[in-house]
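Have the sequence and the model open side by side.

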Amino acid sequence: MKALRNYLDKIKPNFEEGGKLAMFRSVFDGFETFLFVPNTTSKTGVHIHDAADSKRTMIIVVLALIPALLFGMYNTGYQHYLAIGQDPGFLEMFIYGFLAVLPKLIVSYVVGLGIEFAIAQVKNKEIQEGFLVSGILIPMIIPVDTPLWMIAVATAFAVIFAKEVFGGTGYNIFNVALVTRAFLFFAYPADMSGDQVWVRTGDTFGIGAGSVVDAYSGATPLGQISVATKDMIGSFQTVDILGNPLSLWDMFVGLIPGSIGETSTLAILLGAALLIFTGVASWKIMASVFVGGLGMSAIFNLIGTTVPMSVSPVEQILLGGFAFGAVFMATDPVTASRTETGKYIYGLLIGAMAIIIRTLNSGYPEGMMLAILLMNIFAPLIDYYVVEANVNRRLRRAVK
């Protein structure tokens, strides 16, 4: 690393004002601060110096996402070979999924970072690091056969209109990755409705287009639940793409149809443990989302008159993107509530709203995306009333 540091110091004058590559100063600064913690912070006063800057925080989140990403790659291959009736072994399944997911990661980062680099150059400002996380989140929350051009268009829309127009990283009011998914959801509902599982049948390894295997049960578990009729109450059972019943263990481990990174609650909880241990994400929000979801599911179970109302609370949090949203989306520090009491309220409302949407509106079998985006709007309002309540309580105390 010392050799790399010396090399960067050697070429740095070329990118500073007056240098022959000064027009690319923002690009150089972005790469330099990605590799090394800047030493240009203030050296006097009451400032607290810490090596954990925003880039390091983002990298911790990326590391927390790795278990879910790797499992998603394996599950992509597993679902493919399950559909065609083959079992080539773990390695080939993983390689198949890896090659299917890799182009989506590349497109997401190239488009998103490309726009951020361009805007930083135009504004002559430092490159912001928020897309380090958004770039990996976007491919993980979409179906594996989402066309690459769709990902590019949606990513560009989200970065420009959900982030940069608000001022960039730290100023956006909506989660950028979820805005990408929402754009795809409403612009291309046939591809993003959440009630179909796309299974690759050719030897394209993720380079070409895939197809829905019509000979198999193509609906995701949430899609199956959303279209089940009332006469199925008490006998309904979610199944895999071959029609075999799914157990709670299958749902927990993640061997079920779904978006790339959202199926394995086990892998997601491993990431949650890292985020909580490092203090990067709020355990209060995570716990509140799960409590809100479990509580609302229990209420629907008591009054249930449809299959979605009768789904057990445990199944609700294991299916779809509920756990993924609770751990990686709801805890986004920029768009979430920031007061301690507000975090509990924010999380509870997200969990409850996600189950309400899932249960009462069959057109939105997922629910988590809309619940988080809705609460992103109300997060500042929640914090406002929490602060006002604290102020009023202290005023009453002072009067006494």
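## Around an aromatic pair

At 17% relative accessibility, Y74 counts as buried, where buried means under 20% relative accessible area, exposed over 50% and partly exposed in between, using a 1.4 Å probe and protein chains only. A quick word on ground rules: this is a predicted model, so local features need pLDDT of at least 70, side-chain atom pairs count only at pLDDT 80 or more, and totals for chains, interfaces and linings use all residues. Residues are numbered from 1 along each chain as its sequence is written, and side-chain values use heavy atoms, with hydrogens and water left out.

A pair of aromatic rings is described by the distance of the centres and the angle of the planes. Here, rings of Phe, Tyr and Trp (its six-membered ring) pair if their centres lie within 6.5 Å; planes under 30 degrees apart count as stacked, over 60 as edge-to-face and the rest as tilted. The structure holds 18 such pairs. One of them joins Y74 and F90, and it is stacked. Y74 sits in helix α3 and F90 in helix α4 (residues 90-123), so the pair links distant parts of the chain, 16 residues apart.

Another pair, W283 with Y344, is edge-to-face. W283 lies in helix α12 (residues 283-303) and Y344 in helix α16, so this pair ties together parts that are 61 residues apart in sequence. W283 is partly exposed at 47% relative accessibility, and Y344 is partly exposed too, at 34%.

| Aromatic pair | Geometry | Centre to centre | Angle between planes |
|---|---|---|---|
| Y74 and F90 | stacked | 5.0 Å | 25° |
| W283 and Y344 | edge-to-face | 6.4 Å | 80° |

Y74 and F90 also belong to one aromatic cluster, along with F71, Y78, F94 and F98.

## The overall build

How many helices and strands does the protein chain have? There are 17 helices and 0 strands; helices (H or I, at least four residues) and strands (E, at least two) are DSSP runs, numbered from the N terminus. Of the 400 residues of the chain, 48% count as buried. Taking contacts (heavy atoms within 4.5 Å) with a separation of 6 or more, residues 24 or more positions apart account for 70% of them.

Helix α6 (residues 148-161) has 14 residues and reaches 20 Å from its first C-alpha to its last. That is close to the 20 Å expected at 1.5 Å a residue, the expected span being 1.5 Å times one less than the number of residues. Its buried residues are M150, I151, A154, T155, A156, A158 and V159. An α-helix has 3.6 residues a turn, so residues three or four places apart point the same way.

## Core and contacts

A nonpolar core is a set of buried Ala, Val, Leu, Ile, Met, Phe, Trp, Tyr and Cys residues joined through side-chain atoms within 4.5 Å. The largest one has 92 residues, and L65, F324, F328, Y346 and I350 touch the most other members. Helix α3 (residues 54-83) gives the largest share of this core, 11 residues. Leaving out residues up to four places away in sequence, L65 touches V133, I136, L137, M140, F324 and F328.

I60 is also found in helix α3, and at 25% relative accessibility it counts as partly exposed. I60 and V280 are 220 residues apart in sequence, yet their C-alphas are 7.7 Å apart in space. With residues up to four places away not counted, I60 touches L274, L275, T278 and V280.

Beyond four places away in sequence, the residues R358 touches include L222, P308, Q316, Y364 and E366.

On a 1 Å grid over the protein atoms alone, a cavity is a set of points where a 1.4 Å probe fits but cannot get out, and a pocket is an open set with protein on both sides within 12 Å along at least five of seven lines; lining residues have an atom within 4 Å of a point. Grid points are joined across faces, edges and corners, and a volume is the space filled by probe spheres set on the points.

There are 4 cavities of 30 Å³ or more.
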